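Please open the model in the viewer and keep the sequence panel at hand.

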Amino acid sequence: MKRVLFFLFACLCVAQPPVKVKVVKAGRMLEVKSGQYVQNPVVVIENGRIKSVDAAGKIPDGAEVIDLGRATLLPGLIDCHTHLLQNYDMNLGGDDPNMLLTVGQMSTAKRALLGVKMGREDLEAGITTVRDLGNSGHNGDVALRDAINEGWVVGPRMLVSTRALAAAGGQFGGLNPIAQQLVEEEYAVVAGPDEARKAVRQAFYDGADLIKVIVNTGPRVLALDEMKAIVDEAHRVNKKVAAHAIGDLATRVSADAGVDSIEHAYTIPDDVLKTMAEKKIFMVPTDPRLEGMEDLIKTRYHMTDDQVANVMKQRNAAAKSRIDRAVKVGVRIAAGSDMYDGNPSWTRGFASLTVLESYAEGGMAPIEVIRTATVNAADLLGMTRTIGSIEPGKFADIIAVSGDPLTDIRELHKVTFVMKGGEVIRK
Ligand SMILES: [Zn+2]
């Protein structure tokens with residue numbers, strides 16, 4: 001009892017750390033929900049959280065003032081689908097050789113350190129939160145997330161999935177039986193509802209914030225009872241499920257099982273889109289811009305200039321029509337880059353943001369595109385109370401651009417200021 005009293009006394013005597021107050025001033029701020037600009041905003045930040053946002057508001061005494069002049073403020077951007085622990089060399093060819101070399105040659109520790117670099121590049125480009133969806137070795141994503149949260153390294157907020165659940169072989173191409181043992185380093189292979197349920201529990205034991213499931217790879221497609229077990233087990237503990245699914249069978253199984261997001265969906269039938277809209281399942285279209293990557297595509301797929309031009313035309317048209325169809329039936333879109341290709345002339349952040357341009361080219365208005373990477377993304381991540389807009393109570397994740405992102409979405413590629421949790425990352 002004495003010890004308890006002493007402890008209480010000691011607690012009372014310890015001086016409270018002083019409240020750190022910062023103010024960000026700028027020419028205007030985009031309110032992403034209404035799509036309106038607020039002129040001369042004054043954002044007051046206390047201990048990393050937004051305290052108040054007022055047009056031409058009062059500056060508290062003793063506050064550190066960051067005056068961004070005529071710049072436009074926006075909330076920090078969110079990438080709902082990335083792979084920070086993977087950075088492929090397109091000169092080595094496609095996914096198969098790259099994945100084999102990555103898993104075979106790099107330890108999880110080394111990949112986590114690669115993730116530090118990729119995460120820093122994302123953050124400096126204005127991406128303040130990411131959802132990292134697998135291909136991180138054995139829980140390297142958990143290590144990176146925790147290191148960022150501890151302040152050991154600087155990076156975006158991370159939600160991580162640990163190893164993706166998948167059918168036999170994961171996403172590797174045909175391997176011989178000895179090489180196939182590598183698969184378990186990268187994927188949690190499941191067969192049947194019981195194994196699926198067990199793998200979900202193991203992921204949460206390992207530190208996952210959500211579950212990623214590879215619903216199809218080639219002709220290997222998880223069955224509805226397996227998907228239902230995965231969704232049930234995750235939802236039972238209020239965790240989300242992100243499903244990699246392409247084509248009729250895989251997208252249908254995912255939507256019927258009630259996942260929270262369908263990733264990629266490069267091909268998807270209209271009736272599945274309708275089910276997604278009814279069940280409020282997000283689509284995360286991952287079509288980064290190919291313009292600027294022509295040389296890498298040529299090397300990677302041994303193509304001529306004409307072939308590359310043709311592929312790009314077809315890909316852009318397909319992406320446009322799919323986004324169009326999805327938006328028309330009311331499917332909500334959340335931004336995801338699926339970036340894992342190294343491009344020597346771009347940072348990871350720059351490469352990841354090109355996906356927003358492809359949404360704009362797909363016919364979405366700039367404000368809708370911005371919502372995919374802010375409020376919609378926050379909703380998909382289950383973080384509407386903490387991120388996605390500049391509002392009291394939320395983390396002070398704020399970026400600034402000098403132009404008008406509502407007339408040209410490419411302004412988001414020219415972020416001049418980044419703040420995460422009240423800390424200035426770039427100015
Ligand atoms: Zn991916």
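Donors are N, O and S atoms within 2.8 Å of the metal (3.2 Å for Na, K and Ca); water is not among the atoms, so sites may look incomplete. This is a predicted model, in which local features need pLDDT of at least 70 and side-chain atom pairs count only at pLDDT 80 or more, while totals for chains, interfaces and linings use all residues. Residues are numbered from 1 along each chain as its sequence is written, and side-chain values use heavy atoms, with hydrogens and water left out.

**The zinc site.** Select the zinc ion: His 81 (NE2), His 83 (NE2) and Asp 338 (OD) coordinate it at 2.1 Å. Along the chain, the spacing of these donors is H-x1-H-x254-D. His 81 and His 83 are both buried (under 20% relative accessible area, 1.4 Å probe, protein chains only).

**The six-stranded sheet.** Strands here are DSSP runs (E, at least two residues), numbered from the N terminus, and two of them pair if DSSP finds at least two bridges between them. Next, display the open sheet of six strands, ordered β3-β2-β7-β21-β22-β23 with mixed pairing. β3 (36-39) and β23 (423-426) are at the edges; each has a single partner strand, so one side of each lacks a neighbour in the sheet. Then select β21 (residues 398-401) and β22 (residues 417-420), antiparallel strands joined by three bridges. Ile 399 has Val 418 as its bridge partner in β22.

**The four-stranded sheet.** Finally, move to the open sheet β5-β4-β1-β6, also of mixed pairing. Its edges are β5 (49-55) and β6 (64-67), each with a single partner strand, so one side of each has no neighbour in the sheet. Strand β4 (residues 41-46) pairs with β5 in the antiparallel sense over six bridges; Val 42 has Asp 54 as its bridge partner in β5.

Definitions and conventions
Buried < 20%, exposed > 50% of the residue type's maximum accessible area, 1.4 Å probe, protein only.
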